[in-house]
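The sequence and coordinates come first, and the notes follow.

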Amino acid sequence: MTTKNNRSTHLVTLAEAKRRGLEFAEPSVIKCPHCEKPLEPMGVIGLTGSLTWVGSIECECEGARKERERIKEEEQKRHEREVNAALMRCGLHPRFKDARGEIASIAAYLDAFNLASGIGLFIHGPSRAGKTYAASAMTKAFYNAGYSVILT
């Protein structure tokens, strides 16, 4: 049950609606597109106490499980593309998109970071020592923590 402003909505199955004696219109029969099994309808009890059918319980057949896995994988890939695009807009070079903050000093800096402190970080070292890699790892960590980041 969810509550907002002392009003509640509650998802109920057809069986629960009947058991509770709720008034409702008969729900349409919804069948699984994979196995054709009829699915249990789900309804919402609205603010006035009326029941509105909004969907059904997911089927557990192999086809439905595979479809949910496929959709989850697509969503994960879409999210990864969006994050990668956002990181490129932050200035992260594609070459460093897999950078990880596994260096102890980077991890310590990230753990102790406090935006209000005004303390920055200066990374220095010889050519090809991993400075850009470290900065890229930190860019990703700060972005993933919700900060606005520009890597220059």
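Which salt bridge do the side chains of Glu 58 and Arg 68 meet in, and at what N to O distance? The two side chains meet at 3.5 Å, N to O, where a salt bridge is a side-chain nitrogen of Lys or Arg within 4 Å of a carboxyl oxygen of Asp or Glu.

## Basis of the values

The model is predicted: local features need pLDDT of at least 70, side-chain atom pairs count only at pLDDT 80 or more, and totals for chains, interfaces and linings use all residues. Residues are numbered from 1 along each chain as its sequence is written, and side-chain values use heavy atoms, with hydrogens and water left out.

## Salt bridges

The whole structure holds 9 salt bridges. Helices (H or I, at least four residues) and strands (E, at least two) are DSSP runs, numbered from the N terminus.

Glu 58 is exposed at 52% relative accessible area, and Arg 68 is partly exposed at 24%. Here buried means under 20% relative accessible area, exposed over 50%, and partly exposed in between (1.4 Å probe, protein chains only). Another salt bridge joins Lys 97 to Asp 98, at 3.8 Å between the closest N and O atoms; Lys 97 is partly exposed, at 37%.

## Nonpolar cores

A nonpolar core is a set of buried Ala, Val, Leu, Ile, Met, Phe, Trp, Tyr and Cys residues joined through side-chain atoms within 4.5 Å. The largest has 7 residues: Cys 90, Ile 106, Tyr 109, Ala 134, Met 138, Phe 142 and Val 149. Helix H3 (104–112) and helix H4 (131–144) each give it two or more residues, and H4 has the largest share, with 3. Apart from this core lies another of 6 residues, including Val 83, Leu 87, Phe 96 and Ala 135.

Contact means heavy atoms within 4.5 Å. Beyond its neighbours within four places in sequence, Phe 142 is in contact with Tyr 109, Leu 110, Phe 113, Tyr 147 and Val 149.

## Helix H4 and what follows

The 14 residues of H4 should span 20 Å at 1.5 Å a residue, and the end C-alpha atoms are 20 Å apart, which agrees; the expected span is 1.5 Å times one less than the number of residues. Buried residues of H4 include Ser 136, Lys 140 and Thr 139, and their cover includes helix H2 (62–90) and H3. Thr 139 has a relative accessible area of 4%. Leaving aside neighbours within four places, Thr 139 contacts Leu 87, Cys 90, Val 149 and Leu 151.

Ala 145 lies in the segment after H4 and is exposed, at 57%. Just after H4, Gly 146 takes a positive phi of about 100 degrees.

## Cysteines

With a disulfide taken as a pair of cysteine sulfur atoms within 2.5 Å, the count is 0. The sulfur of Cys 35 has its closest cysteine sulfur in Cys 59, at 3.7 Å, too far for a bond. Cys 35 is partly exposed at 36%, whereas Cys 59 is buried at 6%.
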